[in-house]
Amino acid sequence: MGEEKRPCIALAGNPNTGKSTLFNALTGLKQHTGNWSGKTVGRAEGRFLLGEKEAVLVDLPGIYSLFSAGAEEACARDFLAFGDADAVAVVVDASALERHLPLALQVMELMPRCVLCLNLADEAEKKGIQIDDKKLSALTGVPVVKTAARTGRGLSDLTAALEKVMEQEPHVRHTLFHKALPADFGKLLVEGEKLLPESENRPLILDFLWQNEEDVLSEEVGEELRQWRTRCNGYFAGEEEALAVYRKERSLCFQKRAETLTAAICKKDKAKADTTARMDKLFLRKRTGVPLMLLLLALVFWITAVGANVPSQWLMSVFTQLGTECRSVLVSWGSPVWLESLLMDGVFLTVSWVVSVMLPPMAIFFPMFTLLEDCGLLPRIAFQLDGLFRRAGAHGKQALTLCMGFGCNAAGVTACRIIDSPRERLIAILTNNFVPCNGRFPTILLLTAVFLSAGRPWMSGITLFVVIGLSVGMTLLVSFFLSRTVLRGMPSAFVLELPPFRRPQIGQVLVRSLLDRTIFVLGRAMTAAAPAGAVIWLLQRIPVGDGTLLTQIAMFLEPLGGLMGLSGPILMAFLLGLPANEIVLPILLMFYSQSGMLVEGGSQTGAMLATNGWTWTTAVCAILFSLNHFPCATTLLTIRKETGSRKWTAISFLLPTIIGICLCAAVHGFFCLFGLA
């Protein structure tokens, strides 16, 4: 006897309805993520208890309509129509029913077992919205459950409703059955219904079969249905006007039904103030929204710059003491001198620098960035950037992937999957590296604090804000160049669903940002730093000519470094920092130190850099090159995976590097012209 098949429940809904929060609440840690077969669209799947049985829960991509042509819509509708889903829970925002019900009605017509989940019920109540869920259930013919996934409210009612519909016979609803159909198409419709699996007579499946231009049908559908779809396409090839009318009427039919239902079951207390509407009047207007966003980002960067100094110096002193004790232990054990030097002057020194320089700013920046996301401000920042990206010939969603890049460029590249257009997705992938990730932030922060703040902490925040502005400007400029040359085309429109303003769950934010982002990225950096430190230690000790292999590499790069206002050792550090941007500064300080002693604090770091010829102009050029140079190895591998092309991966390496070299050379030339260098 084989294992009994688990029931499969799908979660469908618009973006920003709390669908992913509901999925996480139901499945807990019993989940895994991946991609839909043949697609670059993320797929989340988990297990949860449905009564006494364990069921599979599939979180479908957030979409706005089953009839759209995007990759997310294709994945969702094909899974519902031809996948293994036994039932579906349609998640809608209870505070925006009229906008979200059209998709719910489409899914209800498609799926014989359905539950309507009115999520964010607490948000609706705060806005004074009263929903008669029993009346809505009677009008739609499906169970209706109110939930608040963030607090766990209504989850047991939802699972009970799903368990109940699984026990009932499938019920097909024809409430919106094919309006405005051309007369002759009715005959083709009847033929197609007879060919459907299990003869369930689901009308929306037929729409998918003849509307899809690409062949996305599974093998189970059968050759007869494929031929039927071809006949439908052939029929409508000479009836373009009729087809346009049909599609328009189908969409309007669902929208009008949603408006009617909303009017019948919703009442709003106008006396209760809508906090989101009031705040959006400030944050979404250009005159007030843009300055507020700029001030908010400047505050985040200032707090990060100032707040990282004390813990960074403390960690430096701790690692110095720890290094002294570890060296004493190795000596007492009688370890060879070369092994002691390799472990302490190579591996330990590099890892110590990565932790002490990286951890404090990440531990401050990531939680603050996550708070902006959790309370609803981050999507509004993306909204303000949308117009700029469209004028640059790119997709508006690139603003969201850019924000992701501030945390990790590899994550930003992966996030480009949300862009449907292959051309615009490629532009977003190639330009994501122009915003500094968390690995470059510590270097930029330290150079800013030591050379550009003039002893005034508030200057660090302003300077860092200007640097971020330059990175966004460069992203837009390169996007504009690509969209007018090798990736020419018109930008496509998109809908950005803005979530309501919510009080952030500070505890969850801290755990999520520290564990999922800070510790994860720090672990990756340390993994790269340990072997890199050993390699650098080895390069320092391989004699070549009058020096070592490391000094020869630095001397070889000196002419190019001098042209850029930098030096050979600085370029060598960037080059050897390919495994992870976090180790660029530790490599350089190891080269300058030669003694293997860990320097303590930013002041001693600044003194070491100044002793080796650094000035404020060197720092400016180093910051510019840090913003504009090749991606780290992890990001390059991610680009190779996402594009499937070695050519575009090579371009993503060369494009920012060439721009960085030219930009630094131009700025250095300007400094020399006015006697500043």
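Reply: Rings of Phe, Tyr and Trp (its six-membered ring) pair if their centres lie within 6.5 Å; planes under 30 degrees apart count as stacked, over 60 as edge-to-face and the rest as tilted. This is a predicted model, with local features needing pLDDT of at least 70, side-chain atom pairs pLDDT 80 or more, and totals for chains, interfaces and linings using all residues. Residues are numbered from 1 along each chain as its sequence is written, and side-chain values use heavy atoms, without hydrogens and water.

Start with the rings. The structure holds eight aromatic pairs. One of them joins Phe574 and Phe625 edge-to-face, 5.0 Å centre to centre with 90° between the planes. Phe574 sits in helix H23 (residues 568–576) and Phe625 in helix H26, so this pair ties together parts 51 residues apart in sequence. Helices here are DSSP runs (H or I, at least four residues), numbered from the N terminus. Phe574 and Phe625 are both buried (under 20% relative accessible area; exposed is over 50%, partly exposed in between; 1.4 Å probe, protein chains only).

Now Phe630 and Phe653. Their ring centres are 5.0 Å apart and their planes meet at 10°, so this pair is stacked. Phe630 belongs to the loop between H26 and helix H27 (633–643), while Phe653 belongs to helix H28 (residues 646–673). The pair links distant parts of the chain, 23 residues apart. Phe630 is buried, at 7% relative accessible area. Phe653 is partly exposed, at 27%.

There is also a cluster. Ring pairs link Trp616, Phe670, Phe671 and Phe674. Trp616 also takes part in a helix contact, among the H26 residues that meet H19.

That contact deserves a look. Helix H19 (residues 441–452) packs on helix H26 (residues 616–627) at about 160°, with the axes 10 Å apart. Axes are lines fitted to C-alpha atoms over the stretch in contact, and angles run from 0 to 180 degrees between N-to-C directions. H19 and H26 are therefore roughly antiparallel (over 145 degrees). From H19 come Ile444, Leu447, Thr448, Phe451 and Leu452. From H26 come Trp616, Ala619, Val620, Ala622, Ile623, Ser626 and Leu627. Contact means heavy atoms within 4.5 Å. The residues of the contact of H19 with H26 divide into ten nonpolar, two polar and no charged. Ala, Val, Leu, Ile, Met, Phe, Trp, Tyr, Cys and Pro count as nonpolar, Asp, Glu, Lys and Arg as charged, the others, Gly among them, as polar.

Technical notes
Helices (H or I, at least four residues) and strands (E, at least two) are DSSP runs, numbered from the N terminus. Angles under 35 degrees count as roughly parallel, over 145 as roughly antiparallel, 65 to 115 as roughly perpendicular and the rest as oblique.
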